[in-house]
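Me: I'm new to this one and would like a short walk through it. Can we start with the terms?

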Amino acid sequence: MMENEKPIIFRPAEDPLHLTFLVFSGCSIMCVASAVDPLRAANRVSSAPAFEWTVVSVDGKPPVTTSGLPVAVDGTFDPDAATDVLVIVGGFGTRLAATPALVAGVQRAARAASAIGGVEAGGWLLGRAGLLEGRAATTHWEDLEDFAAAFPGADVRPDRYVIDGPVFTAGGASPTFDLMLHLVRSRLGMAVALDVASVFIYDQARAATDAQPLVSLGRLDGFDPRLAQTIRLMESHVDRPLPISAIARRIGVTTRTLEKLFTGAIGETPGAYYLRLRLNAARRLVLDTTEPMADIAARTGFGSAAAFSRAFSKAFGQAPARMRRG
């Protein structure tokens, strides 16, 4: 947080807060819903218009989400329109949408608003506008490394969401829901926030500073905790894979016991799961970045581009270069 600066929207308040959601095509419908629907529920629960919002797009046309569902908008993004908060909801391609005119518009809107936020890839536009310089921020875990490289003046964290003065960022749909619940709780109190969570039968079990995992383990709650330990070790060693025997030693079991745990709970050996985890990470880099294949191979633990291409082709039915070409 900057000196003498406070996150002024996250405080008790009775006046309605107006938010403008700038939504981009390629975002997740869940991110849009997680940003807007808790506010709608808060108005219903509190029987007062605690929140007002407008949904806009860059060109005034309905942005199309990754599921193919369009989002109805109220009009075109106007940097000079009065609003308390600008929230940029981005996804695939948003990092490439930062035209000089749009960046200038975001900068102008940020100067007039009380706060500005980025949901998932929306943080890229904040960064392009220079709004993350000297601030803590986050984005979706898939992009954290590239995000940190793109904005070296920012303190990039793997947190679920980050609030730094008037700037906030969230890593994805579920963290955005957590962030909006925090906004409701800050302004209207814990009782209203609990009622909002109950509307969605939502149990907030994570803190803002919890790291974003590569693999969400919610479905493993009833399984041996050593399974989750193993997966966390694997995801933290994607670039330099650990031998399965070394992983087994770290969690205090034999290799045979670890194999039984995996085949019983997941239906495949730990080695097969580890390889699939690395290849899925590689596929995201192939499709979502322009990184050279040799660099992707190194980042996902393959000794050579040729070995990477063979494993990739076997898993996905086509070579990585061909998949990138579409």
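Reply: Buried means under 20% relative accessible area, exposed means over 50%, and partly exposed is in between (1.4 Å probe, protein chains only). This is a predicted model: local features need pLDDT of at least 70, side-chain atom pairs count only at pLDDT 80 or more, and totals for chains, interfaces and linings use all residues. Residues are numbered from 1 along each chain as its sequence is written, and side-chain values use heavy atoms, with hydrogens and water left out.

Me: OK. Is E142 buried, exposed or partly exposed?

Reply: E142 is partly exposed, with a relative accessible area of 26%.

Me: And which residue does E142 form a salt bridge with?

Reply: R284, with the closest N and O atoms 3.3 Å apart. A salt bridge here is a side-chain nitrogen of Lys or Arg within 4 Å of a carboxyl oxygen of Asp or Glu.

Me: Where do R284 and E142 lie?

Reply: R284 is in helix α10 (residues 270–288) and E142 in the loop between β6 (136–137) and α4 (144–150), so the pair ties together parts 142 residues apart in sequence. Helices (H or I, at least four residues) and strands (E, at least two) are DSSP runs, numbered from the N terminus.

Me: How many salt bridges are there by this rule?

Reply: The count comes to 12.

Me: New topic. How many residues of strand β1 are buried?

Reply: 7 of the 7, residues 17–23, so β1 is largely enclosed by the rest of the structure. L17, L19, F21 and V23 cover one side, with H18, T20 and L22 on the other.
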